[in-house]
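Q: Hi! Could you walk me through this one with me asking as we go?

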Amino acid sequence: MRKKNSPWLNAPYVLWSALFILAPLALVAVFAFTDQAGRFSLASFEYIAQNQQLYLKTFGDSLAYALEATVICLLLAFPLAYFMANARQRTQRLLMMLIMVPMWMNFVICTYSWRSILEDHGILNTALAWLHGLVSKEAFRPPALLDTPGAVVLGMVYNYLPFMILPIYTVMSKLEPSLTEAAQDLGANRWRVLEQVVVPLSIPGVVSGVTMVFVPSVSTFYISQKLGGGSSLIGDLIELQFLGSAYNFSLGAALSLILMAIVLVCMLVMKQFSDGEESAFVV
Amino acid sequence: MKKTAAILFCLCLLAAFAAPAAFAAPQQTINVCNWGEYISSGAEGSLNVVAEFEKRTGIHVNYTNFDTNEGLYSKLASGAADYDVIIPSDYLIQRLIAEDMLETLDFSNIPNYKYITDESKKLYFDPEDAYSVPYTYGYVGLIYNKTMVSPPPESWAALWDPQYAGKLLQFSSPRDAFGTAQYLLGQNINTTSQADWNAAAQKLKEQAPLVQGYVADEIYGIMEGGNAALAPYYNGDYLMMHDNNEDLAFVYPKEGTNYFCDSMCIPKGTRNKQAAEQFINFLLEPDIALANAEYIMYATPHSAVRSNPDYSLRDNEILYPKAETLPKTQIFENLPPKVLTQMNTLWTEILQSRGGGGHWLIWIVLAAAAVAVVVMLVRKLRDNRR
């Protein structure tokens, strides 16, 4: 039996979360239900209800972008994590390094750099123009890559992909090799081993990864502004209330509160998938 | 061994943070907040104005940037920052004065105020010249790429020309973007009429499918790299872009445009008003003002610089347009909060009308998730029954 840890070991974290997580959350709630003068008021929610079509579309768009990014991340990350977990130690270390290196750089700079790759006379279109020149004499009309919804999703995938790979990889690399061997001994082919052993056992990692990609994607505003050329996702809208001309922080807080509620519902749905597994959040 | 090294390393880190506080000599400090690239910084052989001030006075300057007037306002209003000198634009100064957030200046500490030209005195946002000292001024116009646009545009209507679809840029700041539609519609840019705002928004919605992007500082890279044909922007920034791409040209559309003035102010709550005034006075020293005017490339209200034959932009007709080439100008005034909130909502509608492309993936994923949840629930129920 393990000795029970002293409850005091919790103290630094409890203090931290009270100060920097709970207090700001409480402030958001307070602002959402008060007006500029600090009186109780539902004006912000009424305003949202009056313009519900606008806000519904904004929330819908944000969820759509975030979902697209999450699905693409999952499709990219799962095979890679599987490959990594089964690779030799040296390859694993090298791949891990390659995943971590972009995270050493500031994400603002990484995102901004995509502009010079995607713009009309950017790196990618220059390369395309060169290829085009090899096969055709017609003038090259560069496709619009930058400032499109695709560029926003790309930015999300680029920035948040490591948060999908790492938890899945962690779970997979801890899988008992004997489980796979047992399945093989019982006559399962590689596909069935994957389907019946590896995938179900790595669900906790997937759930954790999906959460870690989806939640920041749904509320981002920097990526959508820099790569979307002026987009109206919910993050942009919340930012507009605080840093825009109206300086209507009650409305901003109300929107944040609704966004939090939506994210919470999404996570409850996600939890359905991992029910019965040991723990949903591994990393 | 490893543990000792780790502890030593932690101690070093702690020392690094603690040292400056512990050993720094007691020194005066002022916090200055200005637009980005809005002071001669020492780059490319120019004068480093902030370092020069520190050298001459021994006052330490904490120099930071803001990127929108609104962002600066929210920092001041929330009390998140304590600045001693700020350089916001006209309509924000008007608002700050109205909300009693600025100190009145003691002009006996700013003797160099005598250099300010008469035309930049008694401006509408500070009619008594009590709170602010003009730093730069300018106008909005149309920047275009000569290789892509012909004939040269004369009207804001060029921004609605389908010929340039996908090659147009628009301001990302709502107020400036609405302005372009409002000049075209002949509106007052300070209108509080809901119908006017709706009409301008309608106009911008028509434009939205043609717009490549709604931009701020990104415009430098886009225009200099020849990635867009037409964009509305500020005249001083155009000169900077023109230095890097000779194909660019600038025009004041005939319907009229926006005149703006950025002025130096001292916010309430400053702890070192005298040093702040000293800094403002320093920026008005003829040699310093000249270095700034050359570097920032915006029009200066400083009479000694304007008459200095060494000032390379002295006869620049874009910075200092002759009365006959400059159309009617309008100034931004502070609008009531209700109008601003409404404007933001209209702005969001405009951005949404760009059309984001169908999100078919979301429906597939949602359907798959729903099916999976149902299947799992059914399974669980069955298992429980067993």
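Q: How much of chain B counts as buried?
A: Of its 386 residues, 51% count as buried, where buried means under 20% relative accessible area, exposed over 50% and partly exposed in between (1.4 Å probe, protein chains only). Bear in mind that this is a predicted model, in which local features need pLDDT of at least 70, side-chain atom pairs count only at pLDDT 80 or more, and totals for chains, interfaces and linings use all residues. Residues are numbered from 1 along each chain as its sequence is written, chains are lettered from A and ligands numbered from 1 in the order in which they are written, and side-chain values use heavy atoms, with hydrogens and water left out.

Q: Thanks. And what is chain B built from?
A: Chain B has 13 helices and 10 strands; these are DSSP runs numbered from the N terminus, with helices (H or I) of at least four residues and strands (E) of at least two. Its C-alpha trace spans about 90 × 75 × 40 Å along the principal axes.

Q: What share of its contacts join residues at least 24 apart?
A: That share is 73%, among contacts in chain B between residues at least 6 apart in sequence. Contact here means heavy atoms within 4.5 Å.

Q: Which residues form an aromatic cluster?
A: Tyr38(B), Tyr135(B), Phe171(B), Tyr233(B), Tyr234(B), Phe260(B) and Tyr298(B) form one.

Q: Switching to chain A: how many helices and strands?
A: Chain A comes to 12 helices and 0 strands. Buried residues make up 41% of its 283 residues, and its C-alpha atoms fill a box of roughly 75 × 70 × 35 Å along the principal axes.

Q: Where does Met260(A) sit?
A: Met260(A) is in helix H12 (residues 249-274) of chain A, and at 33% relative accessibility it counts as partly exposed. Leaving aside neighbours within four places in sequence, Met260(A) is in contact with Leu25(A) and Val28(A).

Q: Now the interface. How many residues are in contact?
A: 44 residues of chain B are in contact with 43 residues of chain A. About 3500 Å² is buried between them, with carbon and sulfur atoms giving 57%; that is the accessible area (1.4 Å probe) that two parts lose on being put together, summed over both.

Q: How many salt bridges between the chains?
A: There are 2, a salt bridge being a side-chain nitrogen of Lys or Arg within 4 Å of a carboxyl oxygen of Asp or Glu. Lys226(A) forms one with Glu218(B), the closest N and O atoms being 3.1 Å apart.

Q: Which element gives the largest share of the chain B side?
A: H12(B) does, with 11 residues of the side that touches chain A.

Definitions and conventions: Rings of Phe, Tyr and Trp (its six-membered ring) pair if their centres lie within 6.5 Å; planes under 30 degrees apart count as stacked, over 60 as edge-to-face and the rest as tilted.
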